[in-house]
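Here is a friendly note to read alongside the model. Please keep the viewer open as you go through the points.

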Amino acid sequence: MRRAIALALLLACGLAGLARAETPVLPPDQAALRDEMARIHAGHVDADALQRIDSDIAAMPAGAAHMGMATGAPYPSLKATQFTPAPAAQPPTSKWTRLASYAPDSPRADTAKADTPKAEVSKPDAPKAEAKPQRTYVGRETCESCHQQEATNWAHTIHAKVFQQNPRTELQAQNCEACHGPGSAHVEDPSDLTTIISFSKKSKTPVAEQNGQCLTCHAGGQRIFWHDSIHDSNQLGCADCHNPMTTFGARGLTARESINETCFQCHKAQHAEFARRSHMPLLEGKLSCTDCHNPHGSTTAPLLKADSVNEVCFTCHADKRGPFLFEHAPVRESCLNCHSPHGSNFENLLNAPRPVLCQQCHSQDGHPGSLLTAGNMARGPMPDPRLIATSCQTCHVNIHGSNSPSGARFER
Ligand code: HEC
Ligand code: HEC
Ligand code: HEC
Ligand code: HEC
Ligand code: HEC
Ligand code: HEC
Ligand code: HEC
Ligand code: HEC
Ligand code: HEC
Ligand code: HEC
């Protein structure tokens, strides 16, 4: 990144006929911004830092693009507003302007223009605020008077227990309204669904605003890479996978009875793969998608929970990690050279049947060239061991690596 900036600046200098060899010095605000970003990427996230970044970006000269952040268009990912408790009213904030275009029928879309100066957008929308009095919290009992069923179901969830018995913040103490936002306007006119933050299918609340509501409390942690993750950028809402209104499953307040069923709502192909002849016992309930994937985002595609495919596999198949005296190169590189993680119709999750699997990479060099006569073929009177049973592994047994002094060919 630093190099890219340096290059860009050098190029600009060059055009002006001033190309010099020194490293260009960033203006102080940008340099500070860059340091701050580096700290955040290293995991030191705090609301103050984000607030400073917001104001730094707002203060940057027009046209200056830095780390993909153009001034005017707010930096889309990390926003201080997520880390501060929700304000009493829920005015549209600049946070969601980038996404507002996805909900054109939203009543707030008109206020969300990417090129509106940031400072103005983040203030409560003046004309609307005049037209409508500030929304206030009305309390759970009021909600309950009309939503008895929902309140009863919700009472058994972890949120209810924490919010009611031991609220740790003022927002938590708002119970229903901690998620649904202040309800005074909704109570006055329940038929207007734009006045309440709603997460159901008929919701009028933009997805990004729904998610922002959950993220006021759940930013960071497993969700440190939520923003712009493949699920975020495909407009998934927290409520696609979570239903906090009741307890359907054992853990994670999932929208379906199990984690796997929750994922299968959309990932039908993977469901089919796990039903193949050879598969890890996921449908049997011993494994779940989240043993290998983090649905909230990851730096390793596709949403993997570790730094590489192999590291994911080693969490359970530790014996394959080694160290080995003789390593088999494709195993070190990636288990996926030979295995399909979700299932295969060949034994042992293999990508291809043996000997074809091995022959994708190996020729017959070093072996007698005997696979020439009908008698050597699999159905002949003297079938070659390379063609039957475990095929190549009849002799090359320790295919994942060997610790035997004479195991260079993985024969022992
Ligand atoms: C006066 C009765 C009444 C009160 C009090 C009330 N609601 Fe509602 N609420 C309704 C009605 C009726 C609907 C259905 C509107 C519709 O579907 O058109 C509704 C809809 C909703 C929805 C949207 C459901 C959806 O499918 O999108 C949410 C969320 C909601 N209420 C939450 C709350 C919360 C939180 C409170 C307390 C702050 C509350 N309600 C208080 C009557 C009430
Ligand atoms: C932790 C956040 C959270 C809290 C607290 C919460 N809700 Fe919800 N509520 C949701 C989500 C998410 C949905 C959408 C569920 C879905 O997928 O249909 C929802 C849905 C609803 C609906 C729409 C009907 C439905 O089931 O889809 C109503 C009405 C509602 N909530 C009322 C309430 C009331 C009343 C309370 C307090 C007793 C409450 N909520 C507390 C998050 C919350
Ligand atoms: C006001 C703060 C707050 C808001 C808003 C909030 N939560 Fe929570 N949530 C909590 C707390 C507190 C817990 C209890 C566990 C903990 O301390 O981490 C929790 C727990 C959870 C859990 C873990 C459940 C388990 O079985 O371990 C899930 C999942 C969850 N919330 C999802 C959501 C979703 C989805 C939303 C938005 C619809 C949401 N939360 C909104 C505070 C909040
Ligand atoms: C694609 C599905 C999916 C989406 C979208 C999703 N989650 Fe989750 N989430 C899960 C699953 C599955 C688990 C359970 C993980 C486990 O227990 O292994 C989980 C666990 C959690 C937990 C409890 C564990 C923890 O990290 O403390 C919280 C809190 C949570 N999610 C919040 C959120 C919020 C907030 C959003 C929206 C920004 C969100 N989730 C979006 C699938 C999803
Ligand atoms: C509401 C639908 C929905 C649900 C539920 C859902 N996903 Fe996804 N998921 C998507 C979409 C859409 C994509 C993007 C697909 C694409 O671009 O090809 C995706 C992509 C993925 C990818 C591929 C990432 C990549 O880089 O190619 C993984 C892995 C994934 N989801 C895992 C999960 C897991 C695990 C769960 C359950 C916890 C889950 N999903 C639940 C809709 C969903
Ligand atoms: C044993 C670990 C593991 C489990 C369990 C697992 N996956 Fe995967 N998944 C992977 C790996 C590794 C890849 C990368 C495959 C590749 O790059 O070819 C992947 C790829 C994906 C992709 C990207 C498209 C594709 O198929 O290559 C999606 C979507 C996906 N997984 C969804 C799921 C869902 C949904 C579940 C639960 C039903 C699940 N995975 C369970 C390891 C796993
Ligand atoms: C969460 C634990 C877990 C992870 C992570 C995991 N596995 Fe497995 N794997 C299992 C279990 C459990 C079995 C079944 C063992 C048995 O039946 O004795 C299994 C079986 C297998 C088998 C044998 C299948 C058969 O048909 O006998 C292969 C091959 C395999 N895993 C490869 C992988 C690869 C490759 C990865 C990484 C993408 C991986 N595993 C990640 C738990 C895991
Ligand atoms: C060069 C191809 C190849 C690569 C790469 C490979 N495997 Fe295998 N694997 C096989 C073959 C062939 C079998 C079945 C024969 C056997 O039992 O050893 C197998 C079997 C397995 C089994 C089930 C039997 C057992 O030994 O437990 C597991 C688990 C397994 N592999 C895990 C892995 C993991 C984890 C990786 C990545 C570190 C990996 N494999 C990489 C070829 C490969
Ligand atoms: C993705 C390609 C690939 C696949 C598939 C593959 N191998 Fe290999 N194999 C290699 C590479 C690369 C080496 C290292 C060659 C070297 O060091 O010169 C190797 C080394 C070996 C060696 C040691 C050879 C030597 O010269 O030291 C044996 C034996 C071997 N593989 C057997 C197998 C068998 C049996 C299978 C099928 C189960 C198989 N391989 C699958 C790529 C592969
Ligand atoms: C009957 C036992 C046997 C079977 C079956 C067998 N091999 Fe071998 N293989 C050997 C022996 C023994 C050597 C060592 C030859 C040497 O040291 O010169 C060897 C050597 C190799 C080598 C190293 C070649 C070299 O140039 O040093 C590779 C690669 C290899 N085998 C791959 C395979 C593949 C792929 C298959 C399946 C198509 C297979 N083998 C089946 C016994 C076998």
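The points below go from the whole chain to the surroundings of two ligands.

1. Some ground rules come with this predicted model: local features need pLDDT of at least 70, side-chain atom pairs count only at pLDDT 80 or more, and totals for chains, interfaces and linings use all residues. Residues are numbered from 1 along each chain as its sequence is written, while chains are lettered from A and ligands numbered from 1 in the order in which they are written.

2. The chain holds 20 helices and 2 strands (DSSP runs numbered from the N terminus: H or I of at least four residues for helices, E of at least two for strands).

3. Of the 412 residues in the chain, 21% are buried, that is, 20 or more other C-beta atoms, placed from the backbone, lie within 10 Å of their own.

4. Take contacts next (C-beta atoms, placed from the backbone, within 7 Å). Among those between residues at least 6 apart in sequence, 51% join residues at least 24 apart.

5. Now look at ligand 5. Around it are 19 residues, of which Cys 263, Cys 266, Cys 289, Pro 295 and Pro 302 come nearest; a residue counts as near if its C-beta atom, placed from the backbone, lies within 6 Å. At least two shell residues come from each of α13 (230-233), α14 (238-241), α15 (259-264) and α17 (289-292), and α15 gives the most, with 3.

6. Ligand 9 has 18 residues around it, the closest being Ala 329, Pro 330, Cys 358, Cys 361 and Cys 392. Two or more residues of this shell come from α19 (329-333) and from α20 (356-359).

Methods
A residue is buried if 20 or more other C-beta atoms lie within 10 Å of its own, exposed if 12 or fewer, and partly exposed in between; C-beta atoms are placed from the backbone. Two residues are in contact if their C-beta atoms, placed from the backbone, lie within 7 Å.
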